[in-house]
Amino acid sequence: MGFREVGLSESEYKRIIELLGREPNDLELELIGVMWSEHCSYKSTRPLLRTFPSKGKYVLQGQGENAGVVDMGEGWGFAFKVESHNHPSAVAPFQGAATGVGGIIRDIIAMGARPSVSMDGLFFGDASQQKTRNLAKGIVEGIGSYGNAVGVPIVGGKTFYSPCYNDNPLVNAFSAGFVRLDKMASSQTAKPGDYAVLLGSKTGRDGIAGASFASRELDEDSKASKPQIQIGDPFEEKLLIECCMDLLDKKLIASMQDMGAAGILSSSSKIAHKSGCGIDIQVEKIPLREADMLPWEIFLSESQERMLLIVEEEKLEPVFAMAKHYGLDCAIVGEMTDSKRYRVYKNGVLEAELPTSILGDTPEILWPAAEPKDLPARQAVELSKLASADPAKDLLEMLSCPNGHRKDAIWEQYDSMVQLHTIAGPGEPAAIVEVPETHRACVLTMEAEPYKCWTDPYTGASEAMALSLRGLWLTGADALGMTNCLNFASPEVPEKFYELKECLRGLADTCRALDCPVVSRQRQPLQRDCD
């Protein structure tokens with residue numbers, strides 16, 4: 001197997017050989033290739049993301065965990081995060097969008113919070129095209145079906161139409177939940193001697209190498225990508241939520257990580273690296289749906305409804321009893337060590353051995369940036385074209401266009417009242433939910449300004465942030481923190497990296513000026529030309 005087959009450049013492969021002091025074997029190459037992908041490593045944007053303000057008087061947990069957490073008062077924290085599921089939703093709209101909802105919910109569980117709120121950011125193509133209508137129908141049905149079945153209210157979001165999203169919709173899924181401050185979980189608290197326990201669905205071939213898939217342009221023949229789409233089961237996720245909440249309530253978990261991009265590999269290597277430990281994985285102990293899976297398939301599978309728990313030896317028995325109570329598969333798949341090595345065994349034979357740092361401390365790339373040559377033309381305004389012979393007609397046309405009319409046809413498919421804590425839901429300027437066991441309320445907004453960011457990246461991003469905050473201020477709420485999902489074209493193109501760099505600068509400057517820390521973020525790589 002060659003390094004290019006796993007998405008590595010020649011310079012990256014040379015660096016890997018330097019770090020290891022040898023050439024990696026095929027399994028090790030697969031593991032490194034996925035963890036060094038744009039989707040998992042943020043290698044093109046980490047220097048830029050560090051410019052975000054991350055501290056504030058309400059911040060309890062900032063960037064670096066499964067989700068950010070802010071202080072809601074009276075002993076309650078609010079965990080929240082947004083992620084994209086763009087490529088899967090373009091290829092298989094229903095399942096792609098549904099598993100986006102399920103995945104972000106598990107990030108909230110991993111912080112010890114009960115998932116209480118969902119929102120979505122949907123960006124569709126030309127509404128007059130049948131393909132756009134088909135994609136939108138499948139995506140909305142997938143979000144509603146999963147969210148309604150799992151019992152998490154969808155209280156708001158953003159929907160935007162533009163021809164630049166033809167064939168390539170964007171699906172951003174937001175989730176949040178409330179957690180008692182003494183029940184917060186972490187992915188950084190594992191210790192040598194603890195056991196790695198896989199809880200939830202069996203591992204299959206669905207979603208294999210999904211992180212690498214998300215890090216490149218969509219194939220022209222998208223049907224060829226369908227085997228990489230995950231299949232979700234919201235009823236299994238509901239059992240997983242309740243089981244994890246009970247385990248946390250009884251303090252049976254030392255650490256926890258959801259299994260999103262890169263599945264078992266990502267979750268286990270992150271816990272080991274962030275906790276300053278090593279980990280030994282026994283691949284034959286991982287429960288499988290298909291008996292003939294190869295080790296690399298098992299580690300890169302993105303099968304849904306799974307969590308990796310780190311459990312102290314004396315607490316294994318009650319953990320297994322709890323899993324049995326909820327009818328969930330549960331298996332010890334590894335052990336934390338003090339080696340700072342990531343080791344994979346199969347039937348006692350060492351299949352791969354890597355320093356955890358090579359999977360956790362991935363390289364950074366700062367690409368050259370160049371202002372787009374057509375930027376002045378984008379910003380030019382011909383005042384003569386603004387004159388109207390019939391302003392009333394123009395106003396009606398504006399209000400009746402896809403971006404102007406109400407989105408009731410979408411909202412009505414979502415259950416916004418489940419859990420009975422929604423004060424203001426879809427269609428309102430801001431979503432409002434009750435904070436449990438208090439007289440407090442939590443206010444949420446989700447905004448995007450694609451055209452403004454295309455016209456002027458810095459000012460457009462700044463305006464998007466200010467627009468989000470204005471929605472909070474109008475309700476009288478304080479800004480506690482923000483999360484973002486950045487959907488951009490390939491950073492390897494200098495003009496596109498310029499747009500990304502300027503948008504991040506606009507966000508960072510505005511968050512600093514308006515005292516709103518960034519507590520979590522995702523950068524979705526290699527989208528086509530519509531920021």
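1. Accessible areas here come from the Shrake-Rupley method with a 1.4 Å probe. On that basis the protein, which is a predicted model, exposes about 21700 Å², and carbon and sulfur atoms supply 52% of this area.

2. As for overall size, the C-alpha atoms of the protein fill a box of roughly 80 × 55 × 45 Å when the box is taken along the principal axes. A compact globule with 531 residues would have a radius of gyration near 24 Å, and the protein, at 23 Å, agrees with that expectation.

3. Turning to the interior and the fold, buried residues make up 58% of the 531 residues, and the protein has 19 helices and 18 strands. Of the contacts between residues at least 6 apart in sequence, 81% join residues that are at least 24 apart.

4. One pair of helices deserves a careful look. Two packed helices are described by the angle between their axes and by the distance between those axes. For helix H6 (residues 93-109) and helix H9 (residues 234-249), the angle is about 5° and the axes lie 11 Å apart. Angles under 35 degrees count as roughly parallel, and H6 and H9 are therefore roughly parallel to each other.

5. Which residues make the contact between these two helices? On the H6 side they are Gly 102, Ile 105, Arg 106 and Ile 109, while H9 contributes Glu 237, Leu 240, Ile 241, Cys 244, Met 245 and Leu 248. Sorted by class, the contact of H6 with H9 has seven nonpolar residues, one polar residue and two charged residues.

How values were computed
Residues are numbered from 1 along each chain as its sequence is written. This is a predicted model: local features need pLDDT of at least 70, side-chain atom pairs count only at pLDDT 80 or more; totals for chains, interfaces and linings use all residues. Side-chain values use heavy atoms; hydrogens and water are left out. Axes are lines fitted to C-alpha atoms, for helices over the stretch in contact, and angles run from 0 to 180 degrees between N-to-C directions. Helices (H or I, at least four residues) and strands (E, at least two) are DSSP runs, numbered from the N terminus. Angles under 35 degrees count as roughly parallel, over 145 as roughly antiparallel, 65 to 115 as roughly perpendicular and the rest as oblique. Contact means heavy atoms within 4.5 Å. Ala, Val, Leu, Ile, Met, Phe, Trp, Tyr, Cys and Pro count as nonpolar, Asp, Glu, Lys and Arg as charged, and the others, Gly among them, as polar. The radius of gyration is taken over C-alpha atoms; the globule rule is 2.2 Å times the number of residues to the power 0.38. Buried means under 20% relative accessible area, exposed over 50%, partly exposed in between (1.4 Å probe, protein chains only).
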